[in-house]
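The sequence and structure are shown first.

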Amino acid sequence: MQELAVLIKWEVQIFILALVGLIAIKLLTGEINTDGLLFGRISGRPTKNNQNQYFSPERVQLLFFTIAAGFYYLQLVLNNPSSGTLPDIPQILPVTVGGSNAIYLAGKAYARWLGSSANKNK
Amino acid sequence: MYILTLAAGSAQQTDGSREILKLVAGYLFCGIAGIAGIIVLWKMANGEINLSRLVSEPNGDASMSRFQFLVFTFVIALSLFFVIFATNGFPVIPGTVLSLLGISSSSYLVSKGIQFSDPNGVQDRAVEVMITPAQATLHVGQTQQFKAEVPRKPDAALKWEVIHGYGKIDPARGLYTADLTQGPAAGAGAPPTPQFPLHATIQVTADEDPELVDLAVVTISA
């Protein structure tokens, strides 16, 4: 039974690692579409030739905080993997990530509703 | 006494058989799961399972919420992998880690709600061709290289032509020359006394779809 448990553990771990590696490679080579990741769209403007697209600082900050939070947590885990538990994270991290998401959603809502109103007033 | 011994022996044999059965079933399940995993990974690698829109919205744009969800899911999966590998046991997941996933999920849901409130957010964007530069100013005899992009069909074959005014353009490469003896307006030759500035309209069309068209304007000066 012990050998079976080891086999299951290795199977799951290899699968997760292979999946993460595959998706990372496809993201870096462009096979997974990331067009417009840092651009928002303003409702009410013509869509031809991406005229309604704008460079979105709120997406940039969300990307930065997402990657920073991810790396921070991974380094916490790698510094002490033998503790038997996933490391707890400081309260400031969920607050920061939550705030970053709030800014992103506010920008998205503005582009959707107020951007549309601004266009009508022109 | 003899019967009791027989019964005990029989029970032990049954337990032993049950253990062997469990082991065989376990290895069989592992084998099937392993083969299924390899098949899924192989299909993802060669494109049969299409991951191109993994982080895209229905309209084709990449979504930051989906990307964040992907990043956090894999960070936690990798963390579990490292801890299980080190300790051989399933770890306790702190509430703060779950709250991080919860924030990402909620943000994704709200983002989806905002997106779906706009019809353009749920329809796949039409395939378009975009010509650059859209305008150019040249002297007689000068050349301008035009480029066209079809973001949703990068391999689309394109055809270039001058549909109005003066000049000629390579139909395959998009290299325009401000030649007053060429073009729809040239007719019998270059105008004897050109009234500058003159103009030319360049059109690019996708071979597979004649409705995919974009235009550029060239202003020709002396």
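Buried residues account for 20% of the 122 residues in chain A of this predicted model. Of the contacts in chain A with a separation of 6 or more, 53% are between residues 24 or more positions apart.

**Chain A**

Three helices and two strands are assigned in chain A; read from the N terminus, the elements follow the order α-β-β-α-α. Helix α2 of chain A covers residues 57-79, which amounts to 23 residues. From its first C-alpha to its last, helix α2(A) reaches 33 Å, close to the 33 Å expected at 1.5 Å a residue. The buried residues of α2(A) include A:Leu62, A:Phe65, A:Ala69 and A:Val77. Also buried in α2(A) are A:Glu58, A:Arg59, A:Thr66 and A:Tyr73.

**Chain B**

An open sheet of four strands is formed in chain B, with mixed pairing and the order β2-β9-β8-β5. Strands β2 and β5 of chain B are the edge strands, each pairing on one side only. Neighbouring strands of this sheet are turned against each other by 25° on average, with direction ignored.

| Strand | Residues |
|---|---|
| β2 (chain B) | residues 135-139 |
| β9 (chain B) | residues 213-221 |
| β8 (chain B) | residues 198-206 |
| β5 (chain B) | residues 158-165 |

Strands β8 and β9 of chain B run antiparallel and are joined by eight bridges. In this pairing, B:Thr205 stands opposite B:Val213 of β9(B).

Terms used:
Residues are numbered from 1 along each chain as its sequence is written. Chains are lettered from A and ligands numbered from 1 in the order in which they are written. This is a predicted model: local features need pLDDT of at least 70, side-chain atom pairs count only at pLDDT 80 or more; totals for chains, interfaces and linings use all residues. Two strands pair if DSSP finds at least two bridges between them. Axes are lines fitted to C-alpha atoms, for helices over the stretch in contact, and angles run from 0 to 180 degrees between N-to-C directions. The expected span of a helix is 1.5 Å times one less than its number of residues. A residue is buried if 20 or more other C-beta atoms lie within 10 Å of its own, exposed if 12 or fewer, and partly exposed in between; C-beta atoms are placed from the backbone. Two residues are in contact if their C-beta atoms, placed from the backbone, lie within 7 Å.
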